[in-house]
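Subject: Structure for you to look at

Hello,

Here is the structure I promised to pass on. Please open it next to this email; my notes follow below.

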Amino acid sequence: KMPIARDFAPRLMPAPQAAHYLGVSESKLRALELPRKVLDGKRLYDRIELDAYADALATEGETVANGW
């Protein structure tokens, strides 16, 4: 039997865990209006979507293409 690793982020996360994953408050997470998946009536955030959001954030010191 293969041991269960617990040192990784699950694919789908409830709001408190997703907020912690991004390093923001739950209220900030909800304000971002990121898409959620529904599983057994639970609304969960997809780690792939959270990563895509974080990847799209501006990096300090970089110039944004449209001048913002």
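How many helices and strands does the protein have? There are 3 helices and 3 strands. Please keep in mind that this is a predicted model. In sequence order the pattern reads β-α-α-β-β-α.

Some overall figures come next. The protein has 68 residues, and 15% of them are buried. Take the contacts with a separation of 6 or more: 46% of them join residues 24 or more positions apart.

In soluble globular proteins, nonpolar side chains tend to be buried together. Here the largest nonpolar core holds 8 residues: M13, A15, A18, A19, L29, L34, Y45 and L50. Helix 1, residues 15–22, gives the most to this core, with 3 residues.

Which residues of helix 1 are buried? They are A15, A18 and A19. They sit on the same side of helix 1, because they cover an arc of only 100 degrees around the axis. An α-helix has 3.6 residues a turn, so residues three or four places apart point the same way. The buried residues of helix 1 pack against strand 1 (12–13), helix 2, strand 3 and helix 3 (47–56). Leaving out residues up to four places away in sequence, A18 touches M13, L29, Y45 and L50. Just after helix 1 comes G23, with a positive phi of about 80 degrees.

Is L29 buried or exposed? L29 has a relative accessible area of 0%, so it counts as buried. Its contacts, again without residues up to four places away in sequence, are A15, A18, A19, L22, V24, L34, Y45 and L50. L50 is 21 residues from L29 along the chain, and their C-alpha atoms are separated by 9.8 Å.

D46 is buried, because its relative accessible area is 4%, under the 20% cut-off. What joins the side chains of D46 and R11? A polar contact of 2.6 Å does. Setting aside neighbours within four places in sequence, D46 is in contact with R11, L12 and K37.

Finally, two backbone points to check. E33 is not a glycine, yet it has a positive phi of about 55 degrees. Where does E33 lie? E33 is in the loop between helix 2 (26–31) and strand 2 (36–39). E33 counts as exposed, because its relative accessibility is 71%. D40 is the other one. Phi of D40 is positive and near 55 degrees, in a residue other than glycine. D40 is placed in the loop between strand 2 and strand 3 (42–46). D40 is exposed too, with a relative accessible area of 74%.

If you have time for one view, start with the buried side of helix 1, with A15, A18 and A19. Then turn to the contact between D46 and R11.

Best wishes

Key:
Residues numbered from 1 in each chain as written. Predicted model: local features only at pLDDT ≥ 70, side-chain atom pairs only at ≥ 80, totals over all residues. Heavy atoms only, no water. Helix = DSSP H or I, 4+ residues; strand = E, 2+ residues; numbered from the N terminus. Buried < 20%, exposed > 50% of the residue type's maximum accessible area, 1.4 Å probe, protein only. Contact = heavy atoms within 4.5 Å. Core = buried A, V, L, I, M, F, W, Y, C linked by side-chain atoms within 4.5 Å. Polar contact = N/O pair within 3.5 Å; in protein donor to acceptor, adjacent residues only side chain to side chain. Arc of directions from axis to C-beta.
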